[in-house]
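Subject: Structure handover

Hello,

Here is the structure we talked about. Please open it and keep it beside this email as you read.

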Amino acid sequence: MIPFIMATERLPGFETLVGRWDEMQHRSALADGRHAYFVGRSGSEPIGFAILRDWGAPERVTLVKRVAVCCPGRGYGRLLLSQVVDAAFGQTDAWRLWLGVFPENDRARRTYENVGFKKEGIARGNAFFGGVHRDELIMALVRPEWQAERFKNG
């Protein structure tokens, strides 16, 4: 699935929003035991992916490193992220999932909020992206919030 992931990372409009790795970086992450990759599908067609870092880490804190879908605006991102969050909390002892999003990326921020992530603050110059340091809005979801939402929804 690396070719699909790399093609999705490079979709027009994503160059300022979604990180990009080359094939060797993806292969290294897949082999290091710290990363988990997820590919969402609609039927048999892949529609997006997510990469989590520190999967199953003893600190019980996992980073949502990257989420991207090939057809934004159809709800695939929210569905994929919801399933990834359920997998992280359901398959590991993670206490906290966190991510950084560029503050101007309103679509992604709304998706994260809809899944339950809460804004925590701005990390100034946190991302070196496109050759410059950029601010990131840090958002997180902790296990008790996820459990409360799952219990409420059944």
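**A strand residue to start with**

R134 sits in strand β6. Strands (E, at least two residues) and helices (H or I, at least four) are DSSP runs, numbered from the N terminus. Before going further, note that this is a predicted model: local features need pLDDT of at least 70, side-chain atom pairs count only at pLDDT 80 or more, and totals for chains, interfaces and linings use all residues. Residues are numbered from 1 along each chain as its sequence is written, and side-chain values use heavy atoms, with hydrogens and water left out.

Is R134 buried or exposed? R134 is buried, with a relative accessible area of 16%. Buried means under 20% relative accessible area, exposed means over 50%, and partly exposed is in between (1.4 Å probe, protein chains only). Contact means heavy atoms within 4.5 Å. Leaving aside neighbours within four places in sequence, R134 is in contact with T16, F102, E104, A123, G125, N126, A127 and F129.

**Helix α4**

α4 covers residues 106-115. Its buried residues are A108, R109, Y112 and V115. They lie on the same side of α4, because they cover an arc of only 125° around the axis. The arc is taken from the directions from the helix axis to the C-beta atoms. Which elements cover these buried residues? They include β3, α3, β4, β5 and β6 (132-142). After α4 comes G116, whose phi is positive, near 120°.

**The largest pocket**

The largest pocket holds about 950 Å³ of space. A pocket is found on a 1 Å grid over the protein atoms alone: it is an open set of points where a 1.4 Å probe fits, with protein on both sides within 12 Å along at least five of seven lines, and lining residues have an atom within 4 Å of a point. Grid points are joined across faces, edges and corners, and the volume is the space filled by probe spheres set on the points.

The lining has 40 residues, and L17, V18, V67, N105 and Y112 are the closest to the pocket's centre. β3 (61-69), α3 (76-91), β4 (96-101), α4 and β5 (118-129) each supply at least two lining residues. The largest share is seven residues, from β3. By type, the lining divides into 21 nonpolar, 10 polar and nine charged residues. Here Ala, Val, Leu, Ile, Met, Phe, Trp, Tyr, Cys and Pro count as nonpolar, Asp, Glu, Lys and Arg as charged, and the others, Gly among them, as polar.

C70 is in no disulfide, and its nearest cysteine sulfur, that of C71, is 4.0 Å away. That is too far for a bond, because a disulfide is a pair of cysteine sulfur atoms within 2.5 Å. C70 is partly exposed, at 27% relative accessible area. C71 is partly exposed too, at 24%.

S42 lies in β1 (residues 35-42). S42 is partly exposed, at 36% relative accessible area. Not counting residues up to four places away in sequence, S42 touches I47 and Y76. Q25 is 17 residues from S42 along the chain, and their C-alpha atoms are separated by 27 Å.

Next, look at the loop between β2 (45-53) and β3, where D54 is found. D54 has a positive phi of about 70°, although it is not a glycine. R60 lies in the loop between β2 and β3 as well. R60 is not a glycine either, yet its phi is positive, about 65°. R60 is partly exposed, at 36% relative accessible area.

Best wishes
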